[in-house]
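Please keep the sequence and the model open as you read.

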Amino acid sequence: MSSRVAPSTSNEGVVCVVDPSGAKSPSSSKAGSSESVRVVVRVRPLNSREKSAGSDVILKVSGKTLTQETKGKGKDKTFTFDSVLDEQSDQQAVYEATAKPVLQKVLEGINGCVFAYGLTGSGKTYTVLGTDEAPGLVQRVGADLFSAVSERQAGSKVLFNVQGSFVEIYQEKVFDLMGNKTQVLQVREDPITGVFVEGCKWIQLQTPQQLLSLVSAASSRRTVGGTAMNAESSRSHALLTLSVTQQEPEDTTGITVKRSLFTLVDLAGSERQGDTGATGQRLKEGSQINQSLSALGNVVSALTKAPNTHVPYRDSKLTRLLQHSLGGSAVTCMIANVSAAAVSAEETSATLRFADRAKHIQNRPKKNEDPRLALLRENRLLRARVSELEAALKGCSCGAGRGCTCGGASGCSCGAASKLGPPLGDMSATHDNGSGSGDSEWTCPNCRDKGTQKKGV
(Lines give C-alpha, C1' and ligand atoms only; values in the text may rest on other atoms or scores of the structure.)
Protein backbone atom coordinates (compact mmCIF):
# COMPACT_ATOMS: atom_id res chain seq x y z
CA MET A 1 0.00 0.00 0.00
CA SER A 2 1.36 3.41 -0.89
CA SER A 3 0.13 6.92 -0.34
CA ARG A 4 0.49 10.14 -2.20
CA VAL A 5 2.53 12.55 -0.17
CA ALA A 6 1.64 16.12 0.64
CA PRO A 7 4.38 18.72 0.87
CA SER A 8 6.32 18.06 4.05
CA THR A 9 5.76 20.49 6.89
CA SER A 10 8.44 19.01 9.11
CA ASN A 11 11.75 17.24 8.90
CA GLU A 12 14.39 17.35 11.59
CA GLY A 13 14.40 19.55 14.65
CA VAL A 14 10.70 20.26 14.56
CA VAL A 15 7.74 19.79 16.83
CA CYS A 16 7.43 16.40 18.51
CA VAL A 17 4.58 17.42 20.78
CA VAL A 18 2.56 20.59 20.37
CA ASP A 19 1.45 23.22 22.82
CA PRO A 20 -1.77 22.26 24.63
CA SER A 21 -3.42 25.63 24.73
CA GLY A 22 -2.99 26.54 21.09
CA ALA A 23 -3.63 30.13 22.13
CA LYS A 24 -0.61 31.45 20.27
CA SER A 25 -0.77 29.10 17.33
CA PRO A 26 -2.29 30.45 14.10
CA SER A 27 -2.67 26.85 12.90
CA SER A 28 -5.08 25.81 15.65
CA SER A 29 -8.81 26.23 15.44
CA LYS A 30 -10.96 27.22 18.38
CA ALA A 31 -11.04 24.63 21.15
CA GLY A 32 -14.11 22.48 21.37
CA SER A 33 -16.02 21.30 24.42
CA SER A 34 -14.14 19.62 27.24
CA GLU A 35 -13.98 15.87 27.69
CA SER A 36 -12.41 13.62 30.28
CA VAL A 37 -9.29 11.58 29.77
CA ARG A 38 -10.44 8.08 28.91
CA VAL A 39 -9.11 5.49 31.36
CA VAL A 40 -8.99 1.78 30.57
CA VAL A 41 -7.68 -0.84 33.00
CA ARG A 42 -6.05 -3.99 31.67
CA VAL A 43 -5.62 -6.90 34.09
CA ARG A 44 -2.89 -9.33 33.17
CA PRO A 45 -2.86 -12.96 34.33
CA LEU A 46 -0.37 -14.20 36.91
CA ASN A 47 3.15 -14.71 35.61
CA SER A 48 5.48 -17.59 36.50
CA ARG A 49 7.04 -15.71 39.42
CA GLU A 50 3.65 -15.00 40.97
CA LYS A 51 2.42 -18.54 40.38
CA SER A 52 5.52 -20.05 41.97
CA ALA A 53 4.94 -17.84 45.01
CA GLY A 54 1.45 -19.30 45.32
CA SER A 55 -0.16 -15.90 45.03
CA ASP A 56 -3.93 -15.54 45.13
CA VAL A 57 -5.94 -13.64 42.53
CA ILE A 58 -7.46 -10.57 44.18
CA LEU A 59 -9.00 -8.63 41.27
CA LYS A 60 -12.57 -9.21 40.14
CA VAL A 61 -13.98 -7.67 36.96
CA SER A 62 -17.67 -6.94 36.41
CA GLY A 63 -18.39 -4.81 33.37
CA LYS A 64 -16.73 -1.43 33.92
CA THR A 65 -16.19 -2.11 37.61
CA LEU A 66 -13.05 -3.55 39.17
CA THR A 67 -12.93 -4.81 42.75
CA GLN A 68 -9.67 -5.34 44.63
CA GLU A 69 -10.23 -7.86 47.40
CA THR A 70 -8.34 -7.51 50.66
CA LYS A 71 -8.87 -11.09 51.86
CA GLY A 72 -10.17 -10.01 55.26
CA LYS A 73 -7.50 -7.33 55.80
CA GLY A 74 -9.91 -4.47 55.35
CA LYS A 75 -12.73 -3.32 53.13
CA ASP A 76 -12.61 -4.32 49.48
CA LYS A 77 -11.89 -1.43 47.11
CA THR A 78 -14.14 -0.86 44.12
CA PHE A 79 -13.31 1.32 41.10
CA THR A 80 -15.26 2.24 37.97
CA PHE A 81 -13.55 3.15 34.70
CA ASP A 82 -14.44 3.70 31.04
CA SER A 83 -13.51 0.08 30.38
CA VAL A 84 -12.00 -2.82 32.30
CA LEU A 85 -10.36 -5.66 30.38
CA ASP A 86 -9.85 -8.91 32.25
CA GLU A 87 -7.14 -11.56 31.87
CA GLN A 88 -8.87 -13.14 28.87
CA SER A 89 -8.97 -9.95 26.79
CA ASP A 90 -6.78 -10.14 23.69
CA GLN A 91 -4.73 -7.47 21.96
CA GLN A 92 -7.50 -6.60 19.49
CA ALA A 93 -9.95 -5.94 22.32
CA VAL A 94 -7.41 -3.62 23.95
CA TYR A 95 -6.89 -1.76 20.68
CA GLU A 96 -10.60 -1.26 20.09
CA ALA A 97 -11.09 0.08 23.63
CA THR A 98 -8.12 2.44 23.56
CA ALA A 99 -6.20 3.48 20.44
CA LYS A 100 -8.80 2.93 17.73
CA PRO A 101 -11.18 5.75 18.77
CA VAL A 102 -8.20 8.05 19.30
CA LEU A 103 -6.95 7.33 15.77
CA GLN A 104 -10.33 8.39 14.35
CA LYS A 105 -9.90 11.80 16.03
CA VAL A 106 -6.34 12.11 14.73
CA LEU A 107 -7.64 11.62 11.19
CA GLU A 108 -10.01 14.54 11.83
CA GLY A 109 -7.03 16.78 12.61
CA ILE A 110 -7.05 16.50 16.42
CA ASN A 111 -3.99 15.49 18.44
CA GLY A 112 -4.22 12.13 20.19
CA CYS A 113 -2.27 10.30 22.87
CA VAL A 114 -2.37 6.83 24.39
CA PHE A 115 -0.06 5.99 27.27
CA ALA A 116 0.44 2.84 29.30
CA TYR A 117 1.06 3.17 33.03
CA GLY A 118 1.73 0.61 35.74
CA LEU A 119 4.10 -1.43 37.87
CA THR A 120 7.24 -2.85 36.26
CA GLY A 121 6.34 -6.14 34.61
CA SER A 122 2.63 -5.33 34.43
CA GLY A 123 2.45 -5.68 30.63
CA LYS A 124 2.86 -2.10 29.35
CA THR A 125 5.38 -2.84 26.61
CA TYR A 126 3.45 -5.93 25.57
CA THR A 127 0.32 -3.79 25.27
CA VAL A 128 1.94 -1.01 23.24
CA LEU A 129 4.49 -2.87 21.12
CA GLY A 130 3.24 -6.46 21.33
CA THR A 131 5.02 -9.42 19.75
CA ASP A 132 5.12 -11.07 16.33
CA GLU A 133 2.44 -13.51 17.50
CA ALA A 134 0.31 -10.88 19.28
CA PRO A 135 0.72 -7.45 17.62
CA GLY A 136 0.25 -4.51 19.96
CA LEU A 137 -1.26 -1.06 19.58
CA VAL A 138 1.49 0.22 17.28
CA GLN A 139 0.99 -2.47 14.65
CA ARG A 140 -2.78 -2.11 14.69
CA VAL A 141 -2.65 1.68 14.54
CA GLY A 142 -0.30 1.43 11.55
CA ALA A 143 -2.59 -0.94 9.66
CA ASP A 144 -5.71 1.17 10.23
CA LEU A 145 -3.95 4.49 9.66
CA PHE A 146 -2.63 3.67 6.20
CA SER A 147 -5.85 1.90 5.25
CA ALA A 148 -7.76 5.08 6.12
CA VAL A 149 -5.24 7.21 4.21
CA SER A 150 -5.74 5.13 1.04
CA GLU A 151 -9.53 5.28 1.31
CA ARG A 152 -9.66 9.02 1.92
CA GLN A 153 -7.21 9.83 -0.83
CA ALA A 154 -9.24 7.80 -3.30
CA GLY A 155 -12.49 9.44 -2.26
CA SER A 156 -11.55 13.08 -1.74
CA LYS A 157 -8.17 13.45 -3.48
CA VAL A 158 -6.67 14.84 -0.25
CA LEU A 159 -2.89 14.61 -0.04
CA PHE A 160 -1.51 12.92 3.07
CA ASN A 161 1.96 13.11 4.57
CA VAL A 162 2.78 10.68 7.41
CA GLN A 163 6.04 10.88 9.37
CA GLY A 164 7.28 9.21 12.54
CA SER A 165 9.73 9.90 15.35
CA PHE A 166 10.77 7.77 18.33
CA VAL A 167 12.52 9.16 21.42
CA GLU A 168 13.26 7.87 24.90
CA ILE A 169 13.63 9.64 28.22
CA TYR A 170 16.40 7.94 30.17
CA GLN A 171 17.43 9.37 33.55
CA GLU A 172 15.81 12.71 32.65
CA LYS A 173 17.68 12.95 29.35
CA VAL A 174 16.04 12.76 25.94
CA PHE A 175 17.62 10.60 23.23
CA ASP A 176 16.56 10.06 19.62
CA LEU A 177 16.16 6.34 18.98
CA MET A 178 16.22 7.03 15.24
CA GLY A 179 19.25 9.29 15.28
CA ASN A 180 22.47 9.75 17.22
CA LYS A 181 21.82 7.80 20.43
CA THR A 182 24.76 9.44 22.20
CA GLN A 183 23.47 12.99 21.68
CA VAL A 184 21.29 14.46 24.42
CA LEU A 185 18.38 16.38 22.90
CA GLN A 186 16.86 19.47 24.44
CA VAL A 187 13.18 20.11 25.08
CA ARG A 188 12.30 23.58 23.81
CA GLU A 189 9.21 25.72 23.53
CA ASP A 190 8.29 27.88 20.57
CA PRO A 191 5.68 30.67 20.93
CA ILE A 192 3.92 29.37 17.80
CA THR A 193 4.39 25.61 17.70
CA GLY A 194 4.73 24.99 21.44
CA VAL A 195 6.83 22.29 23.11
CA PHE A 196 9.20 20.29 20.90
CA VAL A 197 12.33 18.15 20.96
CA GLU A 198 15.13 20.00 19.24
CA GLY A 199 16.97 17.89 16.65
CA CYS A 200 14.37 15.13 16.67
CA LYS A 201 14.55 13.11 13.44
CA TRP A 202 11.40 12.40 11.45
CA ILE A 203 11.11 9.46 9.07
CA GLN A 204 8.81 9.51 6.03
CA LEU A 205 6.25 6.68 6.20
CA GLN A 206 4.03 5.39 3.40
CA THR A 207 3.15 1.85 4.49
CA PRO A 208 2.51 -0.10 7.71
CA GLN A 209 5.67 -2.08 7.01
CA GLN A 210 7.77 1.08 7.07
CA LEU A 211 6.27 2.00 10.44
CA LEU A 212 7.06 -1.45 11.85
CA SER A 213 10.62 -1.17 10.56
CA LEU A 214 10.98 2.16 12.33
CA VAL A 215 9.61 0.75 15.59
CA SER A 216 11.75 -2.37 15.37
CA ALA A 217 14.93 -0.38 14.77
CA ALA A 218 14.14 2.09 17.54
CA SER A 219 13.11 -0.57 20.07
CA SER A 220 16.39 -2.41 19.60
CA ARG A 221 18.19 0.74 20.77
CA ARG A 222 16.00 1.39 23.78
CA THR A 223 17.57 1.02 27.22
CA VAL A 224 16.45 -2.19 28.96
CA GLY A 225 17.83 -4.19 31.88
CA GLY A 226 16.93 -7.19 34.00
CA THR A 227 15.59 -7.05 37.56
CA ALA A 228 14.15 -9.65 39.89
CA MET A 229 10.65 -8.67 38.76
CA ASN A 230 11.25 -8.35 35.02
CA ALA A 231 14.05 -9.91 32.97
CA GLU A 232 13.60 -7.28 30.23
CA SER A 233 12.58 -4.23 32.22
CA SER A 234 12.28 -0.97 30.28
CA ARG A 235 14.60 1.53 31.92
CA SER A 236 13.28 4.50 29.98
CA HIS A 237 10.04 6.11 28.86
CA ALA A 238 9.51 5.66 25.11
CA LEU A 239 7.43 8.03 22.96
CA LEU A 240 6.47 7.14 19.38
CA THR A 241 4.93 10.13 17.60
CA LEU A 242 3.16 9.97 14.25
CA SER A 243 2.61 13.22 12.35
CA VAL A 244 -0.36 13.16 9.96
CA THR A 245 -0.66 16.10 7.56
CA GLN A 246 -3.60 16.58 5.19
CA GLN A 247 -3.84 19.11 2.35
CA GLU A 248 -6.07 19.71 -0.65
CA PRO A 249 -4.05 19.18 -3.85
CA GLU A 250 -5.03 22.50 -5.49
CA ASP A 251 -4.10 24.53 -2.41
CA THR A 252 -1.00 26.67 -2.93
CA THR A 253 -1.51 28.90 0.11
CA GLY A 254 -1.35 26.30 2.88
CA ILE A 255 -4.78 27.31 4.16
CA THR A 256 -6.17 23.77 3.92
CA VAL A 257 -3.31 22.10 5.81
CA LYS A 258 -4.31 20.09 8.88
CA ARG A 259 -1.54 18.53 10.99
CA SER A 260 -2.26 16.23 13.89
CA LEU A 261 0.02 14.17 16.12
CA PHE A 262 -0.61 10.71 17.53
CA THR A 263 1.68 9.88 20.45
CA LEU A 264 1.94 6.35 21.85
CA VAL A 265 3.80 6.21 25.15
CA ASP A 266 5.27 3.16 26.86
CA LEU A 267 6.19 4.37 30.34
CA ALA A 268 8.86 2.70 32.41
CA GLY A 269 7.23 0.93 35.35
CA SER A 270 7.26 2.03 38.95
CA GLU A 271 9.28 -0.28 41.18
CA ARG A 272 10.38 -0.90 44.75
CA GLN A 273 14.00 -1.75 45.41
CA GLY A 274 13.01 -4.48 47.83
CA ASP A 275 11.06 -6.26 45.11
CA THR A 276 13.41 -5.69 42.18
CA GLY A 277 16.64 -6.36 44.07
CA ALA A 278 18.19 -3.54 42.05
CA THR A 279 21.67 -2.32 42.91
CA GLY A 280 24.20 0.01 41.34
CA GLN A 281 23.09 1.34 37.94
CA ARG A 282 19.74 -0.45 38.08
CA LEU A 283 19.00 1.17 41.44
CA LYS A 284 19.87 4.59 40.06
CA GLU A 285 17.64 4.01 37.05
CA GLY A 286 14.76 2.90 39.27
CA SER A 287 15.12 6.02 41.38
CA GLN A 288 14.94 8.25 38.31
CA ILE A 289 11.94 6.34 36.97
CA ASN A 290 10.05 6.71 40.23
CA GLN A 291 10.93 10.40 40.43
CA SER A 292 9.62 10.97 36.91
CA LEU A 293 6.41 9.06 37.62
CA SER A 294 6.00 11.02 40.84
CA ALA A 295 6.13 14.24 38.80
CA LEU A 296 3.46 12.77 36.53
CA GLY A 297 1.34 12.02 39.59
CA ASN A 298 1.73 15.61 40.78
CA VAL A 299 0.54 16.92 37.42
CA VAL A 300 -2.50 14.64 37.49
CA SER A 301 -3.32 15.73 41.04
CA ALA A 302 -3.02 19.42 40.14
CA LEU A 303 -5.27 19.02 37.12
CA THR A 304 -8.03 17.52 39.22
CA LYS A 305 -8.01 20.33 41.76
CA ALA A 306 -9.67 23.74 41.63
CA PRO A 307 -9.28 25.85 38.48
CA ASN A 308 -6.18 28.05 38.22
CA THR A 309 -4.14 25.60 40.30
CA HIS A 310 -0.50 25.65 39.19
CA VAL A 311 0.30 22.56 37.13
CA PRO A 312 4.00 21.58 37.46
CA TYR A 313 4.58 20.44 33.86
CA ARG A 314 8.20 21.62 33.99
CA ASP A 315 9.18 19.31 36.84
CA SER A 316 10.20 16.53 34.44
CA LYS A 317 10.88 15.90 30.75
CA LEU A 318 8.02 13.40 30.69
CA THR A 319 5.35 15.79 31.92
CA ARG A 320 6.70 18.50 29.65
CA LEU A 321 6.26 16.30 26.59
CA LEU A 322 2.85 15.06 27.74
CA GLN A 323 1.61 18.58 28.38
CA HIS A 324 -0.70 18.62 25.35
CA SER A 325 -2.21 15.29 26.41
CA LEU A 326 -2.97 16.13 30.05
CA GLY A 327 -5.34 19.05 30.42
CA GLY A 328 -4.55 20.24 26.89
CA SER A 329 -5.96 20.07 23.38
CA ALA A 330 -5.58 16.35 22.67
CA VAL A 331 -7.85 13.32 22.93
CA THR A 332 -6.13 11.14 25.53
CA CYS A 333 -6.50 7.56 26.71
CA MET A 334 -4.63 6.08 29.65
CA ILE A 335 -4.14 2.32 29.94
CA ALA A 336 -3.58 1.25 33.54
CA ASN A 337 -1.80 -2.12 33.46
CA VAL A 338 -2.19 -4.11 36.67
CA SER A 339 -1.46 -7.58 37.97
CA ALA A 340 -4.22 -9.69 39.52
CA ALA A 341 -1.75 -11.23 42.00
CA ALA A 342 -1.98 -10.65 45.74
CA VAL A 343 1.82 -10.22 45.97
CA SER A 344 1.47 -7.05 43.89
CA ALA A 345 -1.53 -5.72 45.83
CA GLU A 346 0.15 -2.55 47.08
CA GLU A 347 1.45 -1.50 43.66
CA THR A 348 -1.85 -2.42 41.99
CA SER A 349 -3.75 -0.31 44.50
CA ALA A 350 -1.46 2.65 43.80
CA THR A 351 -1.98 2.27 40.04
CA LEU A 352 -5.76 2.11 40.42
CA ARG A 353 -5.81 5.22 42.62
CA PHE A 354 -3.71 7.05 40.02
CA ALA A 355 -6.07 5.93 37.25
CA ASP A 356 -9.08 6.99 39.29
CA ARG A 357 -7.66 10.52 39.57
CA ALA A 358 -6.68 10.65 35.89
CA LYS A 359 -10.24 10.03 34.71
CA HIS A 360 -11.23 13.42 36.15
CA ILE A 361 -8.77 15.35 33.96
CA GLN A 362 -10.55 17.55 31.44
CA ASN A 363 -9.05 18.17 27.99
CA ARG A 364 -10.37 20.53 25.32
CA PRO A 365 -9.68 18.79 21.99
CA LYS A 366 -9.53 20.97 18.91
CA LYS A 367 -8.63 20.62 15.26
CA ASN A 368 -5.21 21.82 14.22
CA GLU A 369 -6.08 23.83 11.13
CA ASP A 370 -5.78 27.35 9.81
CA PRO A 371 -8.67 29.50 11.13
CA ARG A 372 -9.11 30.79 7.57
CA LEU A 373 -10.13 27.30 6.47
CA ALA A 374 -13.57 27.67 8.07
CA LEU A 375 -14.08 30.93 6.15
CA LEU A 376 -12.92 29.22 2.96
CA ARG A 377 -15.44 26.42 3.43
CA GLU A 378 -18.23 28.93 4.12
CA ASN A 379 -17.25 30.94 1.05
CA ARG A 380 -17.38 27.84 -1.14
CA LEU A 381 -20.83 26.91 0.19
CA LEU A 382 -22.13 30.44 -0.42
CA ARG A 383 -20.74 30.50 -3.97
CA ALA A 384 -22.33 27.15 -4.71
CA ARG A 385 -25.66 28.36 -3.33
CA VAL A 386 -25.52 31.58 -5.35
CA SER A 387 -24.85 29.57 -8.51
CA GLU A 388 -27.84 27.35 -7.79
CA LEU A 389 -30.13 30.32 -7.23
CA GLU A 390 -28.93 32.08 -10.36
CA ALA A 391 -29.49 28.97 -12.44
CA ALA A 392 -33.00 28.62 -11.01
CA LEU A 393 -33.98 32.25 -11.52
CA LYS A 394 -32.50 32.89 -14.92
CA GLY A 395 -34.89 31.88 -17.68
CA CYS A 396 -32.39 30.77 -20.33
CA SER A 397 -31.13 27.28 -21.09
CA CYS A 398 -27.48 28.27 -21.03
CA GLY A 399 -27.76 29.79 -17.55
CA ALA A 400 -26.15 33.08 -18.50
CA GLY A 401 -29.30 35.17 -18.00
CA ARG A 402 -28.80 38.78 -19.03
CA GLY A 403 -26.59 38.97 -22.07
CA CYS A 404 -27.08 35.29 -22.96
CA THR A 405 -26.55 34.12 -26.49
CA CYS A 406 -29.00 31.25 -26.59
CA GLY A 407 -31.99 33.53 -26.86
CA GLY A 408 -33.83 31.64 -24.21
CA ALA A 409 -34.49 34.60 -21.92
CA SER A 410 -37.93 35.93 -22.62
CA GLY A 411 -38.33 39.41 -24.06
CA CYS A 412 -35.57 40.08 -26.58
CA SER A 413 -33.11 38.16 -28.74
CA CYS A 414 -30.06 39.06 -26.67
CA GLY A 415 -31.64 37.92 -23.40
CA ALA A 416 -31.27 41.25 -21.60
CA ALA A 417 -35.01 41.45 -21.06
CA SER A 418 -35.16 38.45 -18.72
CA LYS A 419 -37.45 38.53 -15.75
CA LEU A 420 -34.56 39.17 -13.34
CA GLY A 421 -34.19 42.44 -11.44
CA PRO A 422 -36.78 45.24 -11.20
CA PRO A 423 -39.41 45.01 -13.93
CA LEU A 424 -37.46 46.04 -17.00
CA GLY A 425 -35.68 48.58 -14.86
CA ASP A 426 -32.66 48.57 -17.11
CA MET A 427 -34.65 49.08 -20.29
CA SER A 428 -34.82 52.49 -21.90
CA ALA A 429 -37.73 54.73 -22.88
CA THR A 430 -40.54 52.85 -21.17
CA HIS A 431 -43.81 54.74 -21.73
CA ASP A 432 -47.55 54.27 -22.09
CA ASN A 433 -48.22 52.70 -25.46
CA GLY A 434 -51.45 54.70 -25.91
CA SER A 435 -53.75 51.69 -25.87
CA GLY A 436 -55.51 52.85 -22.73
CA SER A 437 -54.60 49.64 -20.98
CA GLY A 438 -51.77 51.15 -18.99
CA ASP A 439 -49.25 48.83 -20.64
CA SER A 440 -45.76 50.23 -21.34
CA GLU A 441 -43.48 49.88 -24.29
CA TRP A 442 -39.76 49.40 -23.92
CA THR A 443 -36.63 49.35 -26.02
CA CYS A 444 -33.68 47.13 -25.16
CA PRO A 445 -30.51 49.30 -24.96
CA ASN A 446 -28.47 46.28 -26.02
CA CYS A 447 -30.12 44.81 -29.12
CA ARG A 448 -32.74 47.59 -29.67
CA ASP A 449 -35.59 45.07 -29.68
CA LYS A 450 -38.92 46.47 -28.64
CA GLY A 451 -41.58 44.99 -26.44
CA THR A 452 -44.52 45.61 -24.14
CA GLN A 453 -44.76 45.26 -20.38
CA LYS A 454 -48.21 44.52 -19.05
CA LYS A 455 -49.54 46.82 -16.39
CA GLY A 456 -48.92 45.54 -12.88
CA VAL A 457 -46.34 42.94 -14.02
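A residue is called buried when its relative accessible area is under 20%, exposed when that area is over 50%, and partly exposed in between, using a 1.4 Å probe and protein chains only. Val 141, with a relative accessible area of 1%, is therefore buried. Before we go further, please note that this is a predicted model, in which local features need pLDDT of at least 70 and side-chain atom pairs count only at pLDDT 80 or more, while totals for chains, interfaces and linings use all residues. Residues are numbered from 1 along each chain as its sequence is written, and side-chain values use heavy atoms, with hydrogens and water left out.

Now for the overall picture. The protein chain has 457 residues, of which 49% count as buried. Its fold includes 11 helices and 21 strands; these are DSSP runs numbered from the N terminus, with helices being H or I of at least four residues and strands being E of at least two. Contact here means heavy atoms within 4.5 Å. Among contacts between residues at least 6 apart in sequence, 68% join residues at least 24 apart.

Let's return to Val 141, which sits in helix 5, residues 137–156. Leaving out residues up to four places away in sequence, Val 141 touches Tyr 95, Ala 99, Leu 103, Leu 242, Phe 262 and Leu 264. Lys 100 is 41 residues from Val 141 in sequence, yet their C-alpha atoms are 7.0 Å apart in space.

What about the nonpolar cores? Such a core is a set of buried Ala, Val, Leu, Ile, Met, Phe, Trp, Tyr and Cys residues joined through side-chain atoms within 4.5 Å. In soluble globular proteins, nonpolar side chains tend to be buried together. The largest core here has 50 residues, and those touching the most other members are Val 41, Phe 81, Phe 115, Tyr 117, Leu 267, Leu 296 and Met 334. Helix 8 (residues 280–303) supplies the largest share of this core, six residues. A second, separate core holds 42 residues, including Val 40, Ala 99, Phe 160 and Leu 264. Beyond its neighbours within four places in sequence, Met 334 has contacts that include Val 39, Phe 115, Tyr 117 and Phe 354.

Which cysteine sulfur is closest to that of Cys 113? The answer is the one in Cys 333, 9.1 Å away and so too far for a bond. A disulfide is a pair of cysteine sulfur atoms within 2.5 Å, and the count comes to zero disulfides. Cys 113 is buried at 0% relative accessibility, and Cys 333 is buried at 1%.

Asn 111 lies in the loop between helix 3 (99–106) and strand 7 (112–118). Asn 111 counts as buried, at 1% relative accessibility. Its side chain makes a polar contact of 3.0 Å with that of Asn 368. A polar contact is a pair of N or O atoms within 3.5 Å; within protein, one must be able to donate a hydrogen and the other to accept it, and residues adjacent in sequence count only if both atoms are side-chain atoms.
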